[in-house]
Amino acid sequence: MTELSRRRVLQIGTAAGAGALLAPGPAARAEVRPFAGSVAFRPRFRWWWPDGLVDPREIRREIDQIADAGFGGAEIVAVHHSVRDKSVLDPAGHGWGGASWNAGVEAALDQARRRGITVDLTIGPAWPAAVPTLTPDSPAAVQELAYGSVTVGEGQTYSGPAPEPVSPPAAGVTTRRLEAVHAVRIDAANSTRKEMGLSRTSWRELTVRDGVVEWTATEGDWVLLSYWRRGSGQRPESGPHSAPDCVVVDHFSPAGTKAVIGFWESALLTPKIRRLLRQAGGTLFEDSIELETKALNWTPDLPEEFEKRRGYALWPYLPVIVRKNENPVHAYEAKITAQVRHDFWLTVSDLFNEHHFAALTKWAHSIGLKMRAQPYGLETDAIRSASIVDVPEGESLGFRNLDDYRALAGGRDMAGRTVLSCEAGAYQGGAYNTTWKKLLRTMGGAYAAGLNQTVLHGFSYATAPGVAWPGFAAFTPYNGTVGFSESWGPRQPSWRHAPDIAAYLGRVHQTMQTGVNRVDIAVFRQKGYTKTGIGSAWVTAAGVPLGWTHQFVSAPLLELPSATVSGGRLAPRGPGYKAIFVEGDRFAGMERTMPLDTARRLLRLTKAGLPLVFLGDWSGATVPGVPADGENEKLRAVLAEVFARPTVRQVAAEADVPGALAALGVTPDVRYAASSTLLNAHRVLDGKDHYYLVNGKHAETVKPPVAPIDHDVTLTRTDRRAVPHRLDPWTGELERVAVYRADGDRVTLRVALRPAEATIIVLARPGRGGPHATATDAPEIRYDGGRPVLRSTAAGTFTTTLSTGRTVRTTVGPLPAPLTPARWRLKVEDFRPGATPTETEIVRHDLALDGLKPWPDIPELADVSGIGRYITTVDLDAAWRGAYLELGEVFDTCRVTVNGRRLPPVNLFNPVVDAGPYLRRGTNTIEIEVATTLNNRLRVSDPGVYGGAGRQPYGLTGPVRLVPYGERPVS
């Protein structure tokens with residue numbers, strides 16, 4: 001049986017009623033249950049605007065939509081990769097930074113203030129940082145050093161202008177400056193598979209007179225190199241965003257930063273925006289540092305800064321530093337080549353962190369904002385950057401595994417900051433087919449690695465010229481096909497359930513921002529790169545599966561004020577590392593390198609009682625760059641002192657690391673008896689320990705899939721009188737754990753989690769006393785009114801040992817057989833394109849089902865996306881005292897109602913709910929509401945873009961069972 005009706009049209013963006021979720025009026029508003037915690041903990045959205053082509057009234061409505069769904073705010077960014085013809089966006093009249101843009105920002109900030117959420121502002125349109133007040137030739141614009149090359153044979157004379165650059169200039173670059181001309185003899189012995197070998201000792205600087213170079217080669221073939229400084233001409237992504245178009249700024253000089261600040265002060269910070277920023281502003285955000293060049297990243301003062309900081313001139317080494325299409329082209333001897341390249345990028349890193357991040361952070365504070373940034377993309381020390389900005393940020397799309405987050409977390413924690421953010425949920429080809437379950441599965445392990453703020457990718461402004469239903473989306477279509485996920489919001493059927501997701505994430509964030517982080521091991525990293533996927537010997541592969549936690553620190557972090565030792569811990573008021581693990585440089589063939597000052601610092605730290613473990617033979621250690629006279633000998637002498645300390649161990653192989661740690665008395669805060677996929681994080685506040693536990697994996701690409709776990713976990717407690725409590729991040733319920741063993745500062749309890757499922761354990765003093773169980777063969781024991789109660793879904797007699805030492809037997813009598821509903825009524829709200837791209841027409845289906853199956857297997861629902869309500873009735877007699885409702889397989893989000901009462905939110909990874917308090921004798925009505933993506937509808941409504949996507953198996957496929965349980969007090 002099916003009934004169809006066309007009853008209403010849903011406006012998702014531009015209508016007066018767009019603030020409602022899916023149904024107009026009070027009924028829809030009553031369904032919105034935002035997370036009740038502080039706005040600081042709620043997840044946020046990356047909010048994509050088609051530049052300034054926005055209506056302030058629509059901006060206010062979208063702020064309401066975000067707030068109504070329980071989210072904490074949004075980050076405004078001009079992004080429109082999906083719009084091929086940018087002229088329709090009117091860059092001259094509605095560009096980024098113009099009057100219409102500012103009017104939209106004012107509306108967003110004002111409405112955010114009214115709704116109690118915050119708004120973040122991006123440093124420029126799209127990325128990288130850019131302003132429209134520069135041209136590609138401006139001194140403050142992004143720079144590159146391009147080289148020209150001519151081969152001169154032995155005995156030949158070159159006479160002519162300096163060689164032209166091998167890479168042509170970008171569009172709009174009209175000026176250049178010749179910096180130098182060098183001649184270097186070719187030496188095949190130094191060649192690599194991709195680089196021409198050169199003789200370092202042959203280098204000579206040539207003179208240019210009246211634009212002419214004249215030089216004769218002797219003793220072999222030579223290469224004559226010219227170096228041209230010019231603008232790279234880079235523009236922000238997918239422009240133009242303004243008229244004139246924006247130009248990327250020099251990220252390594254004060255001039256580039258002054259250009260950014262100058263434009264903001266003169267054009268963006270209207271009096272109203274300045275005032276509102278202090279009321280509703282959150283952070284100033286900069287995306288990943290994607291400075292693209294055909295040559296070598298450069299800044300005018302780089303040679304002088306290099307010599308001042310490194311102690312020798314850069315010019316003789318430019319031949320092995322210059323690049324073509326970002327790849328090196330020449331090499332000296334391998335050792336010196338690696339050393340000078342290290343020193344070059346270390347200098348670039350210094351300039352980047354000092355002139356860009358430190359300066360922008362200081363300025364952001366002056367206008368009432370914090371600085372949030374993704375400080376990676378170049379060969380710079382992102383760990384140090386994470387200690388400079390207020391909120392470092394990673395990304396789920398670009399980060400290859402959890403160690404990429406742990407690198408940024410080390411900088412955050414050593415600097416005494418709290419938040420590590422993430423651009424979350426960008427999946428290539430994921431537009432309108434991404435589920436909340438997939439997002440949470442991706443992010444679950446990242447929280448264990450230190451992440452504690454989620455900025456969802458993303459929320460699109462409602463409309464733009466020429467877009468198709470369901471409205472403007474920043475990244476789809478992408479090159480004519482399905483683009484990057486996702487455009488969350490009322491256009492999505494699952495938006496009705498978004499408050500449950502927001503509440504879940506808010507509780508996880510709150511846990512992971514509570515107090516201070518506690519981490520077992522700091523891994524010393526010679527180069528502070530991230531977004532590399534490169535982890536650490538033993539710790540990542542073998543230590544983590546046993547419960548160990550770690551972060552990465554680079555040399556500058558050991559010079560921070562927090563880098564002190566107390567009680568054998570580094571940074572005792574912060575991460576409290578129990579040891580530093582030092583291995584070779586994983587970005588340079590495991591070379592045993594270390595700055596001399598770092599070795600001296602480690603000596604001081606270990607003299608203060610900090611354990612150190614070194615992997616490999618460090619007897620021939622060298623400094624990472626070009627050494628000063630006697631510097632390597634001094635390094636080895638200092639390390640000899642280090643190795644003589646009783647708190648230091650050297651091991652030859654990775655397998656020896658755990659023995660060395662044990663010999664030093666270093667143990668993890670969390671222990672598993674055997675290798676496990678369980679990941680953990682530990683934070684401490686006022687003597688209370690908060691543990692986040694998730695059954696996750698180190699990287700999305702890890703195979704095979706994670707399996708369920710069920711084993712004991714031993715946790716360290718700060719307060720020896722603390723007892724375990726379990727916080728359900730889905731419902732917010734906190735209950736005391738009834739079965740555990742305590743021994744000194746350790747508590748052991750059972751943890752059972754399905755793949756991607758998480759739980760939170762809080763060790764705190766109990767509100768009420770009473771015995772607990774230390775062992776049982778019962779399926780479950782819980783507290784009820786301070787007394788332990790046994791619960792079982794099967795009859796039997798169970799033995800329990802109490803903390804008093806008594807052993808008791810508890811019997812659960814016969815129970816009814818589990819009940820599987822055979823017949824269902826399915827009511828579906830079918831989302832279809834309306835009269836305009838922002839209108840959704842709702843078509844209703846009413847079906848009778850004899851069994852549960854995916855929507856594509858039901859002819860009437862094969863191409864339907866929307867909301868489905870599965871309704872069934874069950875008759876229960878007096879033998880039913882309580883029951884679990886097992887939902888089985890559910891496509892993404894769902895909600896459950898029993899006898900007209902909404903149950904707490906459903907755990908997406910373990911969809912079993914306690915229906916006992918909601919059931920009654922006689923007839924009971926059970927309703928399960930499911931929500932879908934828009935994929936199946938878009939396949940047929942917009943086949944030119946989405947037709948190649950496969951149907952997703954929407955709906956409730958079960959099996960759904962009502963499983964009775966019995967309860968008896970454990971006396």
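In helix α6, which spans residues 271–280, the residues Ile273, Leu276, Leu277 and Ala280 are buried, where buried means under 20% relative accessible area, exposed over 50% and partly exposed in between, for a 1.4 Å probe and protein chains only. Seen down the axis of α6, these buried residues fall within an arc of 115 degrees, so they line one face of the helix; the arc is that of the directions from the helix axis to the C-beta atoms. An α-helix has 3.6 residues a turn, so residues three or four places apart point the same way. The face of α6 turned away from the buried side carries the exposed residues Pro271 and Arg278. The buried residues themselves pack against α4 (99–115), β4 (118–122), α5 (254–268) and β15 (281–286), with contact taken as heavy atoms within 4.5 Å. Helices (H or I, at least four residues) and strands (E, at least two) are DSSP runs, numbered from the N terminus.

This is a predicted model, in which local features need pLDDT of at least 70 and side-chain atom pairs count only at pLDDT 80 or more, while totals for chains, interfaces and linings use all residues. Residues are numbered from 1 along each chain as its sequence is written, and side-chain values use heavy atoms, with hydrogens and water left out.

**Cavities**

Rolling a probe the size of a water molecule over the atoms shows where empty space is left. Here a cavity is a set of points, on a 1 Å grid over the protein atoms alone, where a 1.4 Å probe fits but cannot get out, and lining residues have an atom within 4 Å of a point. Grid points are joined across faces, edges and corners, and a volume is the space filled by probe spheres set on the points. By this rule there are 5 cavities of 30 Å³ or more.

The largest cavity has a volume of about 160 Å³, and of the 20 residues that line the largest cavity, the closest to its centre are Ala448, Ala449, Thr549, His550 and Asn680. At least two residues of this lining come from each of β24 (516–518), β26 (550–553) and β33 (678–685), and β33 gives the most, with 5 residues. By class, the lining of the largest cavity has 10 nonpolar, 8 polar and 2 charged residues; Ala, Val, Leu, Ile, Met, Phe, Trp, Tyr, Cys and Pro count as nonpolar, Asp, Glu, Lys and Arg as charged, and the others, Gly among them, as polar.

The second largest cavity holds about 90 Å³ of space, and among the residues that line it are Trp96, Trp101, Trp264 and Ile273. The elements that give two or more residues to this lining are α4, β4 and α5, of which α4 gives the most, with 3 residues. The lining of the second largest cavity divides into 8 nonpolar, 2 polar and no charged residues.

**Aromatic pairs**

A pair of aromatic rings is described by the distance of the centres and the angle of the planes. Rings of Phe, Tyr and Trp (its six-membered ring) pair if their centres lie within 6.5 Å, and planes under 30 degrees apart count as stacked, over 60 as edge-to-face and the rest as tilted.

| Pair | Centre to centre | Angle between planes | Type |
|---|---|---|---|
| Tyr478 and Phe484 | 5.2 Å | 90 degrees | edge-to-face |
| Phe614 and Trp618 | 5.5 Å | 80 degrees | edge-to-face |

Tyr478 counts as partly exposed, because its relative accessibility is 28%, whereas Phe484, at 17%, counts as buried. Phe614 is buried, with a relative accessible area of 0%, and Trp618 is buried, with 1%. Ring pairs also link Trp47, Trp49, Trp96, Trp101 and Phe263 into a cluster.

Phe484 is found in the loop between β23 (453–460) and α12 (498–512). Not counting residues up to four places away in sequence, Phe484 touches Leu397, Tyr427, Gln428, Gly429, Ala431, His457, Phe475 and Tyr478. With the same exclusion, Thr442 touches Ser396, Tyr427 and Glu700; Thr442 lies in helix α11 (residues 436–448) and counts as buried at 13% relative accessibility.

**Backbone features**

Most residues other than glycine have a negative phi, and most peptide bonds are trans. A cis peptide bond joins Gly239 and Pro240, with omega about 5 degrees, and another cis peptide bond joins Ala243 and Pro244, with omega about 0 degrees. Pro240 lies in the loop between β13 (222–231) and β14 (247–248), and Pro244 lies in the loop between β13 and β14. Glu219, a residue other than glycine, has a positive phi near 55 degrees and counts as exposed at 61% relative accessibility.

Conventions: 1 Å grid on protein atoms, 1.4 Å probe; cavity = no way out; pocket = protein on both sides within 12 Å on 5 of 7 lines; lining within 4 Å.
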